Amino acid sequence: MPGKKDNLRTFRCQTQSSKYILGKIIAIANQKGGVGKTTTAINMGACLAILEKKILLVDADPQANCTSGLGIETTPGQPTIYDCMINQMAAKEAIVPTQTPNLSILPSHIDLVGAELELVSRMRREYTLRQVLEQVRDDYDYIIIDCMPSLGLLAVNALTAADAVIIPIQTEIYALEGLQKLKNTIDLVREHLNPELKIEGIVMTMYDSRLRLANMILEEVRQSLTDPLFDTIIHRNSKISESPSMKAPVIMYDAASTGSLNFMQLAMEFLKLNQDTVEA
Ligand SMILES: Nc1ncnc2c1ncn2[C@@H]1O[C@H](COP(=O)(O)OP(=O)(O)O)[C@@H](O)[C@H]1O
Ligand SMILES: [Mg+2]
């Protein structure tokens, strides 16, 4: 018997414009470290999950900050994304639920460092993650990939698997430095590997409204960007930086904080952009 959710998914598929993709895969990418990729993946994912979307987070960074930030400790022998990409382990064997309802994760481990080298000699090496995620795509409303800070083979795998990219940019001086290089890589991926790849939007992070400089940077970015920019701005907020040590997304740690409100707003903006609905 199909449940309410199945009916709803079918209904949405039939009635909504082609923009709505079931199991849409979003890569959170920027080759710069410390710009808010992991924070965006965890917290936008958690807010979408709270809004009753079924979410899979994919930790594609050997640093495994997304995994540890959600309190998932991989024990020796526990399968991770490495086993799925390198040892043909079924994705379902490695995916684990998190404390947040509707939010699961395909965890990472430092082993993943070796995957780039191990993939080099393989056929269709750029499609490895895509093949892993195809197995479970229909089980989720959205799959969010937290990329590593590089433009190497793992990041290319994420861009090849994705329908769209969200690019977090820190609201600081030289904010846009490196963006063109990322866009060149996205263009190459589109040309050779994944023609459907879109830029969903750029999201400004760690914004400090008290700083005149931050306001000037924001203005400059607004004027010079040719890519879509999310209206939502993620402010610098201590609850956001504390939440990984509490092993929870900020919405589960302090739901009334500015950080929670910002990420909830980002999740809602994302759903609106995707012509997706929030269930009452
Ligand atoms: N909006 C924010 N407010 C306060 N601290 C933040 C915010 N966004 C990210 N941080 C902190 O900045 C650091 C880098 O963020 P992170 O998401 O890990 O970046 P990346 O994944 O791009 O390397 C982390 O310690 C994180 O907790
Ligand atoms: Mg990270």
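Strand 3 and strand 4 are paired antiparallel, through two bridges. Strands here are DSSP runs of E with at least two residues, helices are runs of H or I with at least four, and both are numbered from the N terminus. Two strands count as paired if DSSP finds at least two bridges between them.

A word on the source. This is a predicted model, in which local features need pLDDT of at least 70, side-chain atom pairs count only at pLDDT 80 or more, and totals for chains, interfaces and linings use all residues. Residues are numbered from 1 along each chain as its sequence is written, while chains are lettered from A and ligands numbered from 1 in the order in which they are written.

Seven strands form it, in the order 3-4-2-5-1-6-7. The sheet is open, and its pairing is mixed. Strand 3 (96-97) and strand 7 are the edge strands, each pairing on one side only. Strands of a sheet pair through backbone hydrogen bonds, either parallel or antiparallel.

P97 has S104 of strand 4 as its bridge partner. Strand 4 covers residues 103-106. L106 belongs to strand 4. L106 is buried, because 27 other C-beta atoms lie within 10 Å. The cut-offs: buried means 20 or more other C-beta atoms within 10 Å of the residue's own, exposed means 12 or fewer, and partly exposed is in between, with C-beta atoms placed from the backbone. L106 touches L56, V58, D59, I81, C84, A91, A94 and I95, leaving out residues up to four places away in sequence. A contact means that two C-beta atoms, placed from the backbone, lie within 7 Å. R222 is 116 residues from L106 along the chain, and their C-alpha atoms are separated by 35 Å.

Move on to strand 1 (residues 24-28). Strand 1 runs parallel to strand 6, with three bridges between them. I28 is opposite I166 of strand 6.

Strand 6 spans residues 164-170. Five of its seven residues are buried, so strand 6 is largely enclosed by the rest of the structure. Strand 6 also runs parallel to strand 7, joined by seven bridges. Among the bridge partners, A164 goes with K198, and I169 with M204.

Strand 7 takes up residues 198-205. Six of its eight residues are buried, so strand 7 too is largely enclosed by the rest of the structure. Strand 6, helix 9 (residues 179-192) and strand 7 make a β-α-β unit, and it is right-handed. That means the path from the first strand over the helix to the second runs clockwise, with the strands pointing away from the viewer.

Next, the core. The largest nonpolar core has 80 residues; I144, I145, A158 and L159 touch the most other members. Such a core is a set of buried Ala, Val, Leu, Ile, Met, Phe, Trp, Tyr and Cys residues joined through C-beta atoms within 7 Å. Helix 2 gives the largest share, eight residues. I145 touches I25, I26, A27, I28, V58, A60, A158, A161 and A162, again leaving out residues up to four places away in sequence.

Helix 8 (residues 153-161) is mostly covered, with eight of its nine residues buried. A158 and L159 are among those buried residues.
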